[in-house]
Amino acid sequence: MAVKSTKRRQLETVALYPLDWVEERSGLVGYTKWFLFRKVPRDISWAQTLGAAALTAFIVQTLTGVFLAMYYHPDPEHAYSSVVNITEEVTLGWLVRGMHKWGASVFIILMFFHMARTFLFGAYKYPRELNWIIGVLLLVLGMLEGFTGYLLPWDQTAYWATVVGINLNATAPFAGPFLAQFLQGGLNIGPDTLSKFYALHMLLVPGGIMALIGLHLYLVVRLGVTSPPWSKSAAGRVRPETNGGGREGLIRPPATEEPES
Amino acid sequence: MSDEQHDTPHTPAPSLWPIGFAIGVACILVGLVVSIPALIVGALIALVFGFLWIRDLFATRPVDSATAGAPSEDPAQFGAVTEADLGTSVDRATFLSFGVLPSFMGEGVETYQVDLGPISNFPEGEYVIATFLESPEQGEVSRRTAFVRNNGRTEDGVPSFTTLFSRCVHLGCPVQPNGPIDEEALQEVNGVELRPVLAASFGCPCHGGLYDSEGNRSAGPPVRSLDRFEFSIKDGNLVLGRIFSVGSVEGTGAKARIAKYYRAYPGVHVDGIERFLYPLPTPGSTS
């Protein structure tokens, strides 16, 4: 083992001390290594990057959306004029709005590509069924983002497309009219509809998407990336025999009955 | 509706169902600690009383059939019914005003009285396109269009108007009259724009729904006839009120028999076997 110079040892101490400090108090360094430094199959390709691409598209939507929200006014009197203002007056507003508008389609398209890859590679099979289900929920929430975001420019296209969208919901048996009423806040689109869609678009649905993305990524890291179906290396793994080990301590063992003395 | 009710704020009629529901919930909580059977009994009690309570809140009045004549020529009476009924819906809303419940109680649904001006502006037997703001406070978002035709008088001598709401009953797009609009004869009467039109039918630009001059579907995807406004005549002016849905119309003009239902969303069946898919009335439409 090569002897390190004193200077180098001092340098390492200085660089690593903060990491050790954080690790000792939170364990975050270990978790980050667990998250990022993973083994992946030898024969993966660009196809396996579609999920990360969709994630990137979502992050772009989040960032551009935050900046658009600083200039947008969700009330019927000012909504359209504030969108015009963003597009024509605010510095680079046209770019941020354009990224948000086109990025919305990119996000949905990438989710579908990612879904197709998962399906065609059989990556939804054991033990990844739960991640498929979470992915479907993410797709639904993503579409809901599209639906609620479409009304916000408050022009003729936005208005009538949303009228049709809401009334489509209303035709669902039993619950339809109530769903439409919830979305609209009345029997027609009104001032409340815009603020309601804005709140859903900004707060509720993105929150749900972020939470589900967290779960989705956790499962990806825990279960690993799948090899493609044509992989020559052994695919899959032996299904371990479960004995309910994870349940240990969850249920209180039955009390032993002792005869009263 | 006695006069007494108008002056004092009134609360929903006393009901025992909430108490039963509360007992059921208490049983569930006790059952959670004590035993499973008690929990099941509690859940059953809560379910039954909860259902009765909800049914009570959605209590409906019977659907009626109307002729084409003015429902009431007495303005005081017409206004009174609407006002009193709105009162109860507001009380219910304050009672359960959290989360999504307001939309189940019909909160935000209001009936507006829109004055279209003197009935002499409506030539007999011709359609007039009337565009107006339903609620000036809400602004442009409440702009509505009605196709109004003066039918003269019914057999009983009551003034008769056909007052179609322009919303397509397929998915809610704006229905257009098929015929030339006389833009030169445009009249503006206190904010209401009136344009005479020679229309024998109405078409929807979105998905091709077609309606005849009585609002009955003649082609395309709509599931019922065009919605209509209730109307009254106050001081010689035509006043539009609540919107109602129409199953179908038999006959024409002043002799029309209209199958009238509570206002339903576009695409929702009000008659035929499909109506059983929509058992509860649209929130707010019955008040």
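These are my notebook entries on a predicted model with chains A and B.

**Entry: the helices of chain A**

I began with helix α5 (93-120) of chain A and helix α6 (residues 129-151) of chain A. I looked up how they pack. The axes of α5(A) and α6(A) come within 10 Å and cross at roughly 160°. Angles over 145 degrees count as roughly antiparallel, so α5(A) and α6(A) are roughly antiparallel to each other. Their crossing is left-handed.

I then listed who makes that contact. From α5(A) I noted Ala104(A), Phe107(A), Ile108(A), Met111(A), Met115(A) and Thr118(A). From α6(A) I noted Trp132(A), Gly135(A), Leu139(A), Gly142(A), Met143(A), Gly146(A) and Gly149(A). Sorted by class, the residues of this contact are eight nonpolar, five polar and no charged.

Next I took α6(A) against helix α9 (residues 191-223) of chain A. The angle is about 160°, and the axes are 9 Å apart. This pair is therefore also roughly antiparallel. I checked the hand of the α6(A) and α9(A) crossing, and it is left-handed. The residues in contact between α6(A) and α9(A) are 17 nonpolar, eight polar and one charged.

Most residues other than glycine have a negative phi, and most peptide bonds are trans.

Which residues does a cis peptide bond join? I found Tyr126(A) and Pro127(A), with omega at about 5°. Pro127(A) sits in the loop that links α5 to α6 of chain A.

I also flagged Leu92(A). Its phi is positive, about 60°, although it is not a glycine. Leu92(A) belongs to the loop between α4 (79-88) and α5 of chain A. Is Leu92(A) buried or exposed? I counted 11 C-beta neighbours inside 10 Å for Leu92(A). The cut-off for exposed is 12 or fewer, so Leu92(A) counts as exposed.

**Entry: chain B overall**

I moved on to chain B. It has five helices and 14 strands. Of its 287 residues, 33% count as buried. I also looked at sequence separation. Taking contacts in chain B between residues at least 6 apart in sequence, 55% join residues at least 24 apart.

I looked at strand β12 (residues 225-234) of chain B first. It is mostly covered, with seven of its ten residues buried. Its antiparallel partner is strand β13 (residues 237-250) of chain B, joined to it by seven bridges. I noted one facing pair: Arg228(B) stands opposite Phe244(B) in β13(B).

β12(B) and β13(B) form a hairpin with two residues between them. Asp235(B) is in the turn, with a positive phi of about 50°. Asp235(B) is not a glycine. I checked its surroundings. Asp235(B) has 8 other C-beta atoms within 10 Å, so it is exposed.

**Entry: β3, β7 and β8**

I followed strand β8 (residues 192-197) of chain B to its partners. Strand β3 (residues 127-133) of chain B runs antiparallel to β8(B), and five bridges join them. Strand β7 (residues 187-189) of chain B pairs with β8(B) over three bridges, also in the antiparallel sense.

β7(B) and β8(B) form a hairpin, with two residues between the strands. In its turn I noted Asn190(B), which has a positive phi of about 25°.

**Entry: an open sheet in chain B**

I traced a sheet of four strands. It is open, and its order is β6-β9-β10-β11 (chain B), with antiparallel pairing. Why is one side of β6 and β11 of chain B left without a neighbour in the sheet? β6 (176-178) and β11 (217-219) of chain B stand at the edges, and each has a single partner strand, so one side of each has no neighbour there. The twist averages 35° from one strand to the next.

I then looked inside this sheet at strand β10 (residues 210-212) of chain B. β10(B) and β11(B) pair over two bridges. The bridge partner of Leu210(B) is Ala219(B) in β11(B).

**Entry: where the chains touch**

Last, I looked up the contact between the chains. It takes 25 residues from chain B and 23 residues from chain A. On the chain B side I noted 14 nonpolar, nine polar and two charged residues.

Notes:
Residues are numbered from 1 along each chain as its sequence is written. Chains are lettered from A and ligands numbered from 1 in the order in which they are written. This is a predicted model: local features need pLDDT of at least 70, side-chain atom pairs count only at pLDDT 80 or more; totals for chains, interfaces and linings use all residues. Two residues are in contact if their C-beta atoms, placed from the backbone, lie within 7 Å. Ala, Val, Leu, Ile, Met, Phe, Trp, Tyr, Cys and Pro count as nonpolar, Asp, Glu, Lys and Arg as charged, and the others, Gly among them, as polar. A residue is buried if 20 or more other C-beta atoms lie within 10 Å of its own, exposed if 12 or fewer, and partly exposed in between; C-beta atoms are placed from the backbone. Two strands pair if DSSP finds at least two bridges between them. Axes are lines fitted to C-alpha atoms, for helices over the stretch in contact, and angles run from 0 to 180 degrees between N-to-C directions. Angles under 35 degrees count as roughly parallel, over 145 as roughly antiparallel, 65 to 115 as roughly perpendicular and the rest as oblique. A crossing is left-handed if the near helix is turned anticlockwise from the far one by less than a right angle, and right-handed if clockwise.
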